[in-house]
Amino acid sequence: MSSTVPADTSVSPLTPSSNILILGSGVFGLSTALWLRRAGYEDVTVLDMQDTASHSYSPAAIDSASADLNKIIRFSYGAEIEYQRLATEAAVLWDEWNAQIAAARDEDLPDVLKEGERTLWWRAGMLRMSGGDELSAFELQTLENMEAEGLRDQVFRSDDEVGRISI
Ligand SMILES: Cc1cc2nc3c(=O)[nH]c(=O)nc-3n(C[C@H](O)[C@H](O)[C@H](O)COP(=O)(O)OP(=O)(O)OC[C@H]3O[C@@H](n4cnc5c(N)ncnc54)[C@H](O)[C@@H]3O)c2cc1C
């Protein structure tokens, strides 16, 4: 009967100087790297099997869920208010990035952002349509949660008496 040595399953705690390797530079890999850096971890490397940076995530060259021409931030989540809050926090960060990009020097930007409006995200709004005359429980709960969080003026219902504010 052979004896086996138990595997060492202990994990060293991370310290600010730990070497951290992230595989995949999609939105989740990059977000993880960004927030680790902001949390004080100094040595974070992101690797990808595709050259996402050189191709600026163009879907013509990069095959990943994050490579696309357009993405939408949805704020309406019915009872799942935590997603509404995350989306609201995210929108503030996207606004900040827009401002940073607008103020950046050309040489600090990737080519794709030097052209056109130098904008990463547009608050274009979003239209939700119902299949019937009544709003679903999901839509009503969303409206209630938007109201509770002081965001009701961001949502326009077709039977609202006042017009929607411009954002
Ligand atoms: C058509 C479509 C539309 C969508 N629309 C929206 C939307 O409007 N709004 C929204 O919020 N979400 C949307 N999503 C969802 C969102 O895009 C994904 O949830 C998100 O992009 C996933 O990111 P990810 O980093 O996990 O994966 P990915 O973006 O797929 O990134 C994974 C990366 O890992 C790399 N990789 C994989 N294996 C290895 C390996 N072995 N070694 C090295 N690198 C590796 C890949 O090359 C890739 O770059 C949409 C998804 C799709 C498909």
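Into which domains is the protein chain divided? The protein chain has a domain 1 that covers 17–69 and a domain 2 that covers 72–155, with bounds taken from an automatic or database domain assignment. The model is predicted, and local features are given at a pLDDT of at least 70, side-chain atom pairs at pLDDT 80 or more, and totals for chains, interfaces and linings over all residues. Residue numbers start from 1 along each chain as its sequence is written.

The C-alpha centres of domain 1 and domain 2 are 22 Å apart. Along the principal axes, the C-alpha atoms of the protein chain occupy a box of roughly 75 × 55 × 30 Å. The radius of gyration of the protein chain is 22 Å, whereas a compact globule of 167 residues would have one near 15 Å; the radius is taken over C-alpha atoms, and the globule rule is 2.2 Å times the number of residues to the power 0.38.

Four helices and two strands make up the secondary structure of the protein chain, in the sequence pattern β-α-β-α-α-α. These elements are DSSP runs numbered from the N terminus (helices: H or I, at least four residues; strands: E, at least two).

Strand 1 (residues 19–23) and strand 2 (residues 43–47) run parallel and are joined by five bridges, where pairing requires that DSSP finds at least two bridges between two strands. The path from strand 1 through helix 1 to strand 2 forms a right-handed β-α-β crossover, that is, one running clockwise from the first strand over the helix to the second when the strands point away from the viewer. Within the pair, Ile22 is opposite Val46 of strand 2.

Helix 1 (residues 27–38) contains 12 residues and extends 16 Å between its first and last C-alpha, close to the expected 16 Å at 1.5 Å a residue; the expectation is 1.5 Å times one less than the number of residues. Just after helix 1, Gly40 has a positive phi of about 105°. Helix 4 (residues 137–148) is followed by Gly150, with a positive phi near 75°.

Around the ligand there are 17 residues, of which Gly24, Gly26, Phe28, Ser64 and Ser66 come nearest; a residue counts as near if its C-beta atom, placed from the backbone, lies within 6 Å. Helix 1 gives the most to this shell, with three residues.
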